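Work through the exercises below with the structure open beside the text. Each task is followed by a solution in steps.

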There are 4 protein chains.
Amino acid sequence: MCTARVLYVDTDPMGMAHHGAALRWFEQGRCEWLRQRGRTYRDLEAAGTLLPIYELRVRYRRPARYDELLAIHTELGPVRPVRVVFRYRVVRQADGVLLVEGETHHACVDRQGRPWPLPDDLHALLQAHAAPSNDAGHA
Amino acid sequence: MCTARVLYVDTDPMGMAHHGAALRWFEQGRCEWLRQRGRTYRDLEAAGTLLPIYELRVRYRRPARYDELLAIHTELGPVRPVRVVFRYRVVRQADGVLLVEGETHHACVDRQGRPWPLPDDLHALLQAHAAPSNDAGHA
Amino acid sequence: MCTARVLYVDTDPMGMAHHGAALRWFEQGRCEWLRQRGRTYRDLEAAGTLLPIYELRVRYRRPARYDELLAIHTELGPVRPVRVVFRYRVVRQADGVLLVEGETHHACVDRQGRPWPLPDDLHALLQAHAAPSNDAGHA
Amino acid sequence: MCTARVLYVDTDPMGMAHHGAALRWFEQGRCEWLRQRGRTYRDLEAAGTLLPIYELRVRYRRPARYDELLAIHTELGPVRPVRVVFRYRVVRQADGVLLVEGETHHACVDRQGRPWPLPDDLHALLQAHAAPSNDAGHA
């Protein structure tokens with residue numbers, strides 16, 4: 001879990017966080033998820049593995065308002081050799097109300113954008129935390 | 001259709017547009033779609049109808065690169081009294097290759113965030129352009 | 001002082017934080033400065049006082065790189081009845097190297113954008129922390 | 001000259017464009033300035049010359065509001081072998097009222113961030129359009 005505060009730059013004339021702000025919270029969520037497990041996306045990228053997003057889904061349940069403190073809960077979805085899914089729940093820290101949920105699907109590629117399996121140690125780390133999947137093995 | 005150019009501020013260390021840039025292209029797409037039909041979102045909002053996004057889906061097919069000119073194709077999905085769906089296809093202007101596609105689902109609400117039907121004239125305008133739907137009338 | 005981490009969305013193809021990211025760090029700096037003194041910009045705005053920026057200056061000393069943790073040091077410049085200046089120094093947390101410095105000049109206005117003096121209690125609070133000024137009293 | 005429209009994502013709870021939006025307009029301004037003279041920043045960068053901003057100044061004269069069409073006027077300030085200044089005036093297209101003005105100071109560096117003179121042909125092109133300077137030759 002990590003936290004983020006809604007900044008003025010994140011809000012729109014409706015007085016709520018713009019829908020794009022969720023992408024920033026999600027990025028923060030998955031990067032801190034990795035860091036809390038001893039890895040960073042920076043190291044991953046330095047080692048030649050990139051994880052660009054190929055699919056994004058967001059569901060906005062309630063508005064996040066200016067200056068509210070948010071808790072970002074991140075978990076792994078199914079992990080396959082060349083694909084990783086992260087799932088997010090953003091709640092209002094003060095009362096735990098769910099504001100936004102979503103998921104990002106990442107391809108594992110090399111610097112030229114070609115499919116490239118996760119390094120073994122990272123794959124093992126992710127597998128250990130991955131959600132059970134109905135379709136494991138069908139990558 | 002409208003166009004956008006990939007700015008430096010839109011790009012990331014992979015040399016491609018960050019996934020968040022798509023949200024900007026989508027907003028531009030639906031606003032110009034309305035404008036080309038004689039309406040603006042500004043007028044809609046001034047008249048008391050807001051269209052916040054409650055669901056967002058994006059599929060990234062190929063990277064959009066710095067300085068590329070993009071064509072944004074927008075069309076309406078199903079229209080219901082209190083919900084509107086817009087769909088987008090962002091293609092590289094130079095060769096027509098599909099880069100990003102997605103959709104935004106909008107609730108029709110008043111300034112207090114309560115469900116609020118579209119004004120009749122806008123509803124009629126949208127209906128006239130709406131994609132056929134299997135589930136029309138089930139809103 | 002508060003901290004921020006350089007996210008992927010903040011970085012550009014040069015591998016460093018885009019110059020626009022500094023504005024976010026500055027906003028975070030001044031909001032946390034207020035909060036640490038028992039006030040929030042949200043309350044200020046709720047009470048009818050807005051502080052839009054009318055001048056911005058930024059000096060980029062060294063690049064801030066992806067995933068670096070930054071310390072944002074904020075202090076007040078001269079305070080006058082209808083103008084406030086905040087100054088910022090953003091340093092790399094790991095070694096204290098100065099990366100960015102700048103200042104934002106804010107007008108005090110009401111909701112209609114007319115000049116409007118700071119509430120007395122906030123003015124007193126700011127005065128107590130303000131940098132000495134050669135031109136105090138000439139507002 | 002080029003144009004930009006104020007998007008919803010650019011605006012804040014005051015109903016005006018957030019101060020950060022100016023940086024996007026400035027980038028668009030200088031890139032189109034180059035393009036209209038037969039060059040692109042992309043080509044420049046591909047040839048190994050980068051132009052990171054080391055100083056930014058913005059003066060906000062009047063608010064830019066949602067959906068307004070803006071005209072961005074760009075001109076060159078003094079040009080030196082390893083430094084370039086661009087100046088901007090952003091006016092409301094409808095009535096020519098000045099909304100924002102500012103300038104960006106760019107260093108000419110190579111990919112490693114070391115000072116690197118502009119390519120001769122670009123230097124000549126910029127010189128031909130540069131504003132007269134009191135301090136030319138003192139770079």
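**Exercise 1. Confidence**

Task: find the mean pLDDT of chain A and the elements where confidence is lowest and highest.

Solution. Step 1: pLDDT is the predictor's confidence in each residue, on a scale from 0 to 100. For chain A its mean is 90, and 94% of the residues reach 70 or more. Step 2: within chain A, confidence is lowest in helix H3 (residues 120-129), with a mean of 88, and highest in E2(A), at 98. Helices (H or I, at least four residues) and strands (E, at least two) are DSSP runs, numbered from the N terminus. Step 3: residues 135-139 of chain A have a pLDDT below 50, and beyond near neighbours in sequence this stretch has six contacts in the model. Two residues are in contact if their C-beta atoms, placed from the backbone, lie within 7 Å. Step 4: the scores of the model are ipTM 0.91 and pTM 0.92.

This is a predicted model, in which local features need pLDDT of at least 70 and side-chain atom pairs count only at pLDDT 80 or more, while totals for chains, interfaces and linings use all residues. Residues are numbered from 1 along each chain as its sequence is written, and chains are lettered from A and ligands numbered from 1 in the order in which they are written.

**Exercise 2. Chains B and A**

Task: state which rotation superposes chain B on chain A, and describe the side of chain B that touches chain A.

Solution. Step 1: chain B is superposed on chain A by a rotation of 180 degrees with 0.0 Å of shift along its axis (RMSD 0.0 Å). In chain B, Arg57(B) has the C-alpha nearest the axis, 2.3 Å from it. Copies are superposed by least squares on the C-alpha atoms of residues with pLDDT of at least 70 in both. Step 2: 14 residues of chain B are in contact with 14 residues of chain A. Strand E2 (residues 53-60) of chain B gives the most to this side, with eight residues. Step 3: by class, the side of chain B that touches chain A holds nine nonpolar, two polar and three charged residues. Here Ala, Val, Leu, Ile, Met, Phe, Trp, Tyr, Cys and Pro count as nonpolar, Asp, Glu, Lys and Arg as charged, and the others, Gly among them, as polar. Step 4: 100% of the interface residues of chain B are also interface residues in chain A, so the copies meet through the same surface.

**Exercise 3. Strand pairing**

Solution. Step 1: two strands pair if DSSP finds at least two bridges between them. Step 2: E2(A) (residues 53-60) is joined to E2(B) by five bridges, and the two run antiparallel. Step 3: seven bridges join E2(A) to strand E5 (residues 98-107) of chain A, also antiparallel. Step 4: Leu56(A) stands opposite Val58(B) in E2(B), and its bridge partner in E5(A) is Thr104(A). Val58(A) has Leu56(B) as its bridge partner in E2(B).

**Exercise 4. Chains B and C**

Task: how many residues of chain B are in contact with chain C, and of which classes?

Solution. Step 1: nine residues of chain B are in contact with nine residues of chain C. By class, this side of chain B has four nonpolar, four polar and one charged residues. Step 2: a rotation of 180 degrees with 0.0 Å of shift along its axis superposes chain B on chain C (RMSD 0.0 Å). The two copies are thus related as by a two-fold rotation axis. Step 3: the copies meet through the same surface, because 100% of the interface residues of chain B are also interface residues in chain C.

**Exercise 5. Single residues**

Task: is Ile53(D) buried or exposed, and which residues does Ile53(D) touch?

Solution. Step 1: a residue is buried if 20 or more other C-beta atoms lie within 10 Å of its own, exposed if 12 or fewer, and partly exposed in between, with C-beta atoms placed from the backbone. Ile53(D), in strand E2 of chain D, counts as buried, with 21 C-beta neighbours inside 10 Å. Step 2: not counting residues up to four places away in sequence, Ile53(D) touches His19(C), Tyr60(C), Thr104(D), His105(D) and His106(D).

Task: what is the phi of Asp67(C), and where is Asp67(C) found?

Solution. Step 1: most residues other than glycine have a negative phi. Step 2: Asp67(C) has a positive phi of about 75 degrees although it is not a glycine. Asp67(C) lies in the loop between strand E2 (53-60) and strand E3 (69-80) of chain C. Step 3: Asp67(C) is partly exposed, with 16 other C-beta atoms within 10 Å.
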